[in-house]
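Here is a short report for a first look at a protein model. It covers salt bridges, a pocket and a surface patch.

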Amino acid sequence: MFNRATAMATTAFLPKHLTGALLLAGVLSGCTMAPTYVRPEAPVSGSYPAAADGKVQFDAVELGWRDFFPDQRLQALIASALENNRDLRTAALNIEEARAQYDITAADALPNFNGNFSRTRGRTAADQLVPGQPAVGTAYSVGLNMTAFELDFFGRVRSLKDAALASYLATEEAKQSAQISLISQVAQAYLTEQSYAEQQQLAQQTLDSRLDDYKLDKMRFDVGASSALDLRNSETLVQSARVSLATLVRQRGQATNALVLLVGKPLGELPASQSLSDEKIVSEIPAGLPSDLLNRRPDIRQAEQQLRSANANIGAARAAFFPTISLTAGIGNSSTSLGSLFSAGSRTWSFVPQLTLPIFEGGRNRANLSLSEIRKNLAIANYEKTIQSAFREVSDALVARSTLDEQLAAQDAYVKAQEERVKLTDLRYKNGIASSTDRLNAQRDLFTAQQALIQTRQLRLNNAIDLYRSLGGGLNENTVVAAKS
């Protein structure tokens, strides 16, 4: 801001009345006609639908992502993404752009001084010549000029500066939000690739087992111990396994490509991966209160900074209804010869205050004010919706967390029951009690149940990631505080 000390340092060589005007401008530059900013009330309930289960050890914001994700392979992927991801790099460049724009706007609060030196040579018309004056003359001048410095009596420049600062801070919050989102996307893409890899391995094992069974069934058919229907049912199981394997190979390849895009470079050498059944989250995460999200989530803070910017722009629109006072001044030396440019009597100065009063502008200022107020109302609506969306994300994650453990246990029990069913059905088939159709159905149901178990494990881990992200976790690399009791 153009304060008293700055004014004194930069105007000590100017005439006293100009120096006084600049000092007055510095004193008044803190004034603004923007409405007093009041944070809107959060349009959400005071608590989440599902409460935490009492196993809380860390706050999501304080829990570093390396501690949240213990898998070393996943840690390497996240670290690489934070360094190479193009979307995150774009977000960082957006911050630099907003910072430069703020610096440009802030510069308007300070006077601009320009040094100049000129040499002018010209001919005077004969009928305008003074006796004894040459027709062709030369003039030299040197000086320091201040051009059209606005005295910010009504806070127009200050309001624009505040709006630019809020926009700059909003881009910083956007970058942090992008980092949180990137970490969760890499983790979930990694889990998706792992899920397809485990399902592919399961499909390969199933295909190998069914091929062995098919060979035995073919031998039984060749000696007349089984029917053609039994052989075709066995062949159906083999071809079904091949279809599933080919599908999973394609899906795994596409999931790997998605992971490479997020990481920002080829995967290269990485630590060995873990099974989804072995991978654990190191600690449970507390939900806290919805009001905590206002300070935890960068996207909410970004929306609030955008609201602050819109609020400041109202001040600039209001100030446009009032007179604009600007100063143009200069001090220097002028002479008809270069040698006498700095001699006694060659000093010159000018001081040109200008007042511009809006009289008729076709309703432009009123329309600009209405536009600023509408944009503020839009920013309020966006801020409130961002809070509501954050509240829903946390609530959804908590609701899912309360049931996924039970679902996973039930799915695991279901797989074990299907395994026993396959054993019994196969035994009954070999003894001629069960039909080949019974065996086919049992084996298909087992394969489907085993795939669903892998998918449920992935879903449970994705839910933990969703809760970590929705509570604002992912900015810290390591835990910065000790565990809470």
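## Salt bridges

Arg99 and Asp103 are four residues apart in helix H5 (residues 86-107), so about one helical turn separates them. Helices (H or I, at least four residues) and strands (E, at least two) are DSSP runs, numbered from the N terminus. This is a predicted model: local features need pLDDT of at least 70, side-chain atom pairs count only at pLDDT 80 or more, and totals for chains, interfaces and linings use all residues. Residues are numbered from 1 along each chain as its sequence is written, and side-chain values use heavy atoms, with hydrogens and water left out.

The side chains of Arg99 and Asp103 form a salt bridge, 3.6 Å from N to O. The term means a side-chain nitrogen of Lys or Arg within 4 Å of a carboxyl oxygen of Asp or Glu. By this rule there are 21 salt bridges. Arg99 is partly exposed at 37% relative accessibility. Asp103 is partly exposed too, with a relative accessible area of 37%. Here buried means under 20% relative accessible area, exposed over 50%, and partly exposed in between (1.4 Å probe, protein chains only).

Which residues form a network of salt bridges? Asp217, Asp426, Lys430 and Arg439 are linked in this way. Asp426 and Lys430 both lie in helix H10, four residues apart, about one turn of the helix. Asp426 also pairs with Arg439. That pair links distant parts of the chain, with Asp426 in helix H10 and Arg439 in helix H11, 13 residues apart.

| Salt bridge | Closest N and O atoms |
|---|---|
| Asp426 and Arg439 | 3.7 Å |

Asp426 is buried at 17% relative accessible area. Arg439 is buried at 5%. Lys430 is exposed at 54%.

## The second largest pocket

The second largest pocket has a volume of about 220 Å³. Helix H6 (156-222) and helix H11 (436-470) each give two or more residues to its lining. H6 gives the most, with six residues. The lining includes Arg210, Asp213, Val422 and Phe447. A pocket is an open set of points on a 1 Å grid where a 1.4 Å probe fits, with protein on both sides within 12 Å along at least five of seven lines; lining residues have an atom within 4 Å of a point. The volume is the space filled by probe spheres set on the points.

## A loop residue

Leu357 lies in the loop between strand S4 (347-356) and helix H10 (364-430). Leu357 is partly exposed, at 48% relative accessibility.
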